[in-house]
Amino acid sequence: MALVPCQVLRVAILLSYCSILCNYKAIEMPSHQTYGGSWKFLTFIDLVIQAVFFGICVLTDLSSLLTRGSGNQEQERQLRKLISLRDWTLAVLAFPVGVHTTVLPFILIEMRTSHHQYPSRSSGLAAICTFSVGYILWVCWIHHVTGMWVYPFLEHIGSGARIIFFGSTTLLMNSLYLLGEALNSYIWDAPRTKPPPSQDTQSSLNYANPVKNLCKDKQTLEGLERQELERVVI
């Protein structure tokens, strides 16, 4: 039995992310005052993704509690949509993007305490590629507008190296998606079947049962013959 119900844990994690975001916005940093603000940093975007994800988790828990035993098909349909949205957000955004920060333990706890249905691999990879390319284009647009790169090391490498770097980060995000899919499968879909009996044991069973049945039939036949003999004698 869990020491802390997973529903309570999700609420606590959601409140912690909301607190972190409030404190993050309160920090006076020159980079936050330039074009794009905090939204140009992947760390801040990741915090928002995690807060949205755990917000969906809490909303799903509340909907499940209200729907339980109601028999309302419309409410059950809406609950299934929320669960699908929760699972999709974890698979495509929360896990792959969250791996590069300290929020990973919270994601692992969520994966371990609740089953999540991953989307098809093709649609999942397409979604994570769209996110990766979208963020790369956002970074390039900020450079186009301000003349400065979000990450200073990009100033010191050539155009070819930047292309290789951006391509490598996209491949890395795809790899992290596949890692999350494999981890989820390992936790929830591992086979738990008993090994089949050995051939010798199976053969023994096959031979033992007919002999046992034959003995029973013989005893029954002897009993019937004894009853018939007693009736004739009487």
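Colleague: Which residues does Ser114 touch, not counting residues up to four places away in sequence?

Modeller: A contact means heavy atoms within 4.5 Å, and with residues up to four places away left out, Ser114 touches Arg10 and Trp188. Please keep in mind that this is a predicted model, in which local features need pLDDT of at least 70 and side-chain atom pairs count only at pLDDT 80 or more, while totals for chains, interfaces and linings use all residues. Residues are numbered from 1 along each chain as its sequence is written, and side-chain values use heavy atoms, with hydrogens and water left out.

Colleague: Where is Ser114 placed, and is Ser114 buried or exposed?

Modeller: Ser114 sits in the loop between H4 and H5, where helices (H or I, at least four residues) and strands (E, at least two) are DSSP runs, numbered from the N terminus. Buried means under 20% relative accessible area, exposed over 50%, and partly exposed in between, with a 1.4 Å probe and protein chains only. Ser114 has a relative accessible area of 9%, and that is why it counts as buried.

Colleague: How many helices and strands does the protein chain have?

Modeller: The protein chain has seven helices and zero strands, so the order of its elements from the N terminus on reads α-α-α-α-α-α-α. Buried residues make up 32% of its 234 residues. Of the contacts in the chain with a separation of 6 or more, 72% are between residues 24 or more positions apart.

Colleague: How should I read the packing of H2 (residues 42–67) and H4?

Modeller: Axes are lines fitted to C-alpha atoms, for helices over the stretch in contact, and angles run from 0 to 180 degrees between N-to-C directions. H2 and H4 pack at about 25°, with their axes 12 Å apart. Angles under 35 degrees count as roughly parallel, over 145 as roughly antiparallel, 65 to 115 as roughly perpendicular and the rest as oblique, and H2 and H4 are therefore roughly parallel to each other. The contact is made by Gln50, Phe53, Phe54 and Cys57 of H2, together with Phe106, Ile107 and Glu110 of H4.

Colleague: At what angle do the axes of H4 and H6 cross?

Modeller: The axes of H4 and H6 come within 9 Å and cross at roughly 40°, and the two helices are therefore oblique to each other. On the H4 side the contact is made by Leu108, Met111, Arg112 and Thr113, and on the H6 side by Gly180, Leu183, Asn184, Ile187 and Trp188. The axes of H3 and H5 come within 10 Å and cross at roughly 45°, and this pair too is therefore oblique. There, Trp88, Val92, Leu93, Pro96 and Val97 in H3 meet Gly124, Ala127, Ile128 and Phe131 in H5.

Colleague: How far apart are the end C-alpha atoms of H6 (residues 159–188)?

Modeller: The expected span of a helix is 1.5 Å times one less than its number of residues, so the 30 residues of H6 should span 44 Å, and its end C-alpha atoms are 44 Å apart, which agrees. The buried residues of H6, including Arg162, Phe166, Tyr177 and Asn184, pack against H3 (73–98), H4 (104–113) and H5 (121–146).

Colleague: How many disulfides does a search of the whole structure find?

Modeller: A disulfide is a pair of cysteine sulfur atoms within 2.5 Å, and the search finds zero. The sulfur of Cys6 is 9.5 Å from the closest cysteine sulfur, in Cys57, and that of Cys22 is 6.8 Å from its closest, in Cys18, so both are too far for a bond. Cys6 is partly exposed at 21% relative accessible area, whereas Cys22 counts as exposed at 54%.
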